[in-house]
Amino acid sequence: MRKPFAQKLENSLLTNGNQIINTYRSSVGSELIPFMNNVSSISIYAVQLYDTSSKPLLEVRSEPVVPEKARIRYVLNGGMSRVSEKDGRYPMIGLPFKVNKKSYALFVMLKSNEMWLQSKKEINTELLTVFLIGSVLILVAARSIVKPLIRLRDAAGRMSQGHFDVQLNTTRKDEIGQLNASFNEMSQELEKLDRMRREFVANVSHEIQSPLTSISGFAKALKQKRMSKENRMYYLTIIEEESDRLSRISRNLLLLSSLQHSRYPDPSTDILLDEQIRKVVIALEPHWTSKEIFVELELDPITVHAYEDQLTQVWTNLIGNSIKFTPDSGHIHIRSYAAGQTAVVSIMDNGIGIPENQRKEIFMPFHKIDTARDRSVSGSGLGLTIVKQIVDGHGGEIKVDGGQGGWTVFTVRLPLKKVL
């Protein structure tokens with residue numbers, strides 16, 4: 001492929017050569033040799049004419065035009081010859097034409113060496129200018145890209161040291177700006193997770209410390225020799241209850257950890273949902289009959305594909321909570337039905353209810369609604385967290401509705417098809 005300047009120069013030579021030929025043909029009666037000599041003397045190009053003998057016919061008044069004999073013969077036979085810069089000293093064009101049925105070869109090239117050198121100098125200057133401008137633009141562009149990447153690297157280093165409050169301020173809308181925005185979102189999420197982790201650890205410590213304090217205190221009291229049998233049994237009962245509470249917290253923490261890492265010990269299978277709920281209600285009968293609670297069941301036959309033990313845990317926790325927080329002679333309504341490809345289970349009680357601003361927080365570990373629940377009611381605050389983990393793991397969802405001083409309804413939606 002020719003360079004743009006060389007190509008342009010060759011086209012100029014070709015145009016000039018054709019103009020010379022056309023001008024001669026339009027000059028009626030002009031003799032060929034004198035006409036070409038005149039053109040050579042006034043043209044900015046060097047011109048030479050050859051006949052079939054391959055000898056030059058024009059006077060040499062400037063740089064000689066000396067093409068190879070093979071090129072001369074090629075042009076005399078009707079071909080057009082191009083001699084580029086790499087083939088000779090200057091670009092040259094050879095054009096065939098006939099006069100009175102005689103073949104001639106006209107060769108045209110630049111007459112002045114200085115003109116050619118000046119042209120190359122101008123081209124080199126333009127190329128150097130373009131190179132310098134391009135280099136400056138590349139440096140500016142590189143700086144605008146590298147500088148925010150360095151800031152991003154430094155921010156990532158701070159985050160690796162535990163500083164999750166790092167934020168990158170930027171107004172860019174390009175890919176770098178999008179990267180910074182994604183980093184800020186990640187930082188906020190990590191800061192949120194770190195705060196939840198600290199709260200979780202604090203809650204676990206509090207929940208464990210409370211029964212340990214009771215056990216330690218009453219164990220020390222039992223060391224006293226002067227104590228009635230009734231007091232001794234009372235202290236032992238409290239120690240037993242607090243030990244059971246510690247055991248439940250430990251089991252629930254292990255279960256929650258297993259669920260968060262999607263480790264299900266039992267294989268999934270097809271489950272008759274209505275039968276499973278009935279079994280849970282029967283298992284909890286001593287609790288709701290002791291409070292004279294009326295339990296109403298409205299269960300449609302539904303089959304879901306799930307982990308049986310985990311799903312049993314869901315109904316046990318939800319129905320157990322309803323029994324726990326429903327007053328004596330209260331009412332619990334449990335309903336199950338299919339809606340499209342989803343199984344829906346709702347558990348409603350007429351207890352005190354849950355304030356709207358706390359309905360999302362009740363699924364957090366160790367969260368307890370003290371203003372809405374009786375403080376005398378025991379619990380670790382992990383039951384609803386476990387329920388949500390199990391429901392989410394089955395590709396379902398759970399929500400709570402109701403109001404403070406009114407009623408509460410938990411609604412669980414599970415896919416009928418296998419999604420595990």
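Mentor: Happy to! Let's start with Asp274, which is buried, with a relative accessible area of 7%; the cut-off for buried is under 20%. Keep in mind that we are looking at a predicted model.

The side chain of Asp274 meets that of Arg278 in a salt bridge, at 3.2 Å from N to O. Arg278 counts as partly exposed, at 30% relative accessibility.

For a contrast, turn to the pair Arg335 and Glu298, whose side chains meet in a salt bridge at 4.0 Å, N to O. Arg335 lies in strand E8 (residues 331-339) and Glu298 in strand E6 (residues 294-299), so this pair ties together parts that are 37 residues apart in sequence. Arg335 is partly exposed at 33% relative accessibility, and Glu298 is partly exposed at 37%.

What does Trp315 touch? Leaving aside residues up to four places away in sequence, its contacts include Leu273, Gln276, Ile277 and Val280.

As a general point, nonpolar side chains tend to be buried together in soluble globular proteins.

Another helix to compare is H10 (residues 383-393), where Leu384, Thr385, Ile386, Val387, Ile390 and Val391 are buried. After H10 comes Gly395, with a positive phi near 75 degrees.

Let's also visit an open sheet of 4 strands, in the order E1-E4-E3-E2 and with antiparallel pairing. Strand E1 (45-50) and strand E2 (81-83) are at the edges with a single partner strand each, so one side of each has no neighbour in the sheet. From one strand to the next, the twist averages 25 degrees. E2 and strand E3 (residues 92-99) run antiparallel and are joined by 3 bridges. If you look along this pair, you will find Ser81 opposite Gly94 in E3. Helix H3 (residues 69-76) packs on the sheet and touches E1, E2, E3 and strand E4 (102-110). The direction of H3 makes about 125 degrees with that of E4.

One more salt bridge belongs to this tour: the side chains of Arg71 and Glu68 meet at 3.0 Å, N to O. Arg71 is partly exposed, with a relative accessible area of 22%, and Glu68 is partly exposed as well, with 43%. Altogether, the model has 6 salt bridges.

Terms used: Residues numbered from 1 in each chain as written. Predicted model: local features only at pLDDT ≥ 70, side-chain atom pairs only at ≥ 80, totals over all residues. Heavy atoms only, no water. Pairing = 2+ DSSP bridges. Helix = DSSP H or I, 4+ residues; strand = E, 2+ residues; numbered from the N terminus. Axes fitted to C-alpha atoms, helices over the stretch in contact; angles between N-to-C directions. Contact = heavy atoms within 4.5 Å. Buried < 20%, exposed > 50% of the residue type's maximum accessible area, 1.4 Å probe, protein only.
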